[in-house]
Amino acid sequence: MNSDSGPLLADLAARARAAAHARSSACPCGAATLADRPDGIVVRHADTVAKAHPPDSDPDELAGRLTLAGRLPGILLPPLNPTPLALHGRLVTFWPYGTPVDPDDPDAAPWEAAATLLARLHRTPAPPGLPPMRGPAKAARAVARLREAAPHPATAPVLRAWATLPPWARAEAPMPETGTLCHGDLHLGQLVRRPADGRWLLIDVDDLGTGVPAWDLARPAAWYACGLLPPDEWTRFLAAYREAGGPAVPVEGDPWPALDVAARALAAQTAARAVAKAVAAGRPLDEVEQSVVDACDRMATVPPQLAQEHTK
């Protein structure tokens with residue numbers, strides 16, 4: 001448990017219990033802490049989940065994201081209440097519990113469902129006033145934490161790779177696209193099955209906003225480029241996205257001119273987090289972490305491809 005989160009975690013659990021009991025008089029009272037990190041604490045009580053959002057969350061922006069999630073129930077998991085609650089200086093929201101992807105069964109990973117949901121999200125008109133998606137800002141924070149960490153041999157290749165990226169991908173300039181609705185932090189942990197019908201839905205609206213849709217495809221693209229995602233799984237994901245009319249890549253041909261910059265940024269973000277965590281724990285990089293650092297080392301010697309225009 002995060003040692004600083006004790007009082008918040010206890011009160012969050014109590015709020016989740018109260019919300020669950022308000023939804024059903026036959027609550028089985030099963031409780032669990034699903035996440036306890038500085039940027040997010042998530043607890044479950046029966047069929048209700050309570051989340052304490054990052055400390056820097058803007059209440060108006062979060063409320064707008066919650067409202068949007070409630071309007072897209074076939075794409076995003078709707079919140080139980082569109083208004084965040086203030087608790088111990090954090091914004092808290094409540095959600096129905098959904099069954100997550102099983103990390104111990106990679107063959108059952110719902111790549112097609114993830115890709116189809118993304119395509120549908122990207123093709124949904126963004127409401128006025130929605131802020132930019134926060135993907136580049138999160139990547140920049142990861143690199144900033146790496147710079148603050150103690151010296152490590154892997155730091156230099158990660159920073160060299162980061163330096164090759166255009167300013168927008170480093171959150172130093174506005175994104176070149178501002179009209180597409182994006183999730184902002186897509187990975188398989190952001191999908192759950194809705195208990196009522198078993199449909200997959202996207203969760204976690206903290207980074208939801210407008211921007212470059214390729215960012216939402218960038219993590220699986222980076223994993224594929226690093227050799228961490230098998231080619232058949234990447235092919236399934238990309239084909240499903242295209243079949244669903246996703247606008248981030250051309251309908252046929254080479255997708256990499258559209259994906260390259262974002263995939264490089266996600267590789268650098270992943271490597272920066274890995275190195276910073278290894279330094280803090282005083283341990284060597286594991287095989288997966290080293291493979292991402294090695295990819296950054298290769299990236300630094302080859303300039304990113306420029307995105308080509310394609311029919312949206």
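Modeller: A cavity is a set of points on a 1 Å grid over the protein atoms alone where a 1.4 Å probe fits but cannot get out. The model is predicted, so local features need pLDDT of at least 70 and side-chain atom pairs 80 or more, while totals for chains, interfaces and linings use all residues. Residues are numbered from 1 along each chain as its sequence is written, and side-chain values use heavy atoms, without hydrogens and water.

Colleague: How many cavities of 30 Å³ or more does a search of the whole structure find?

Modeller: The search finds one. The largest cavity holds about 40 Å³ of space, a volume being the space filled by probe spheres set on the points.

Colleague: What makes a residue part of the lining, and which helices supply at least two?

Modeller: A lining residue has an atom within 4 Å of a point. α4, α6 and α8 each supply at least two; W215 and R219 are among the lining residues. Helices are DSSP runs of H or I with at least four residues.

Colleague: Why is α6 called largely enclosed?

Modeller: Buried means under 20% relative accessible area (1.4 Å probe, protein chains only). Nine of the 12 residues of α6 are buried, so the rest of the structure largely encloses this helix. W215 and R219 are among the buried ones.

Colleague: What makes β8 and β9 a pair?

Modeller: Two strands (DSSP runs of E, at least two residues) pair if DSSP finds at least two bridges between them. Three bridges join β8 to β9, therefore the antiparallel strands meet the definition.

Note on methods. On a 1 Å grid over the protein atoms alone, a cavity is a set of points where a 1.4 Å probe fits but cannot get out, and a pocket is an open set with protein on both sides within 12 Å along at least five of seven lines; lining residues have an atom within 4 Å of a point. Buried means under 20% relative accessible area, exposed over 50%, partly exposed in between (1.4 Å probe, protein chains only).
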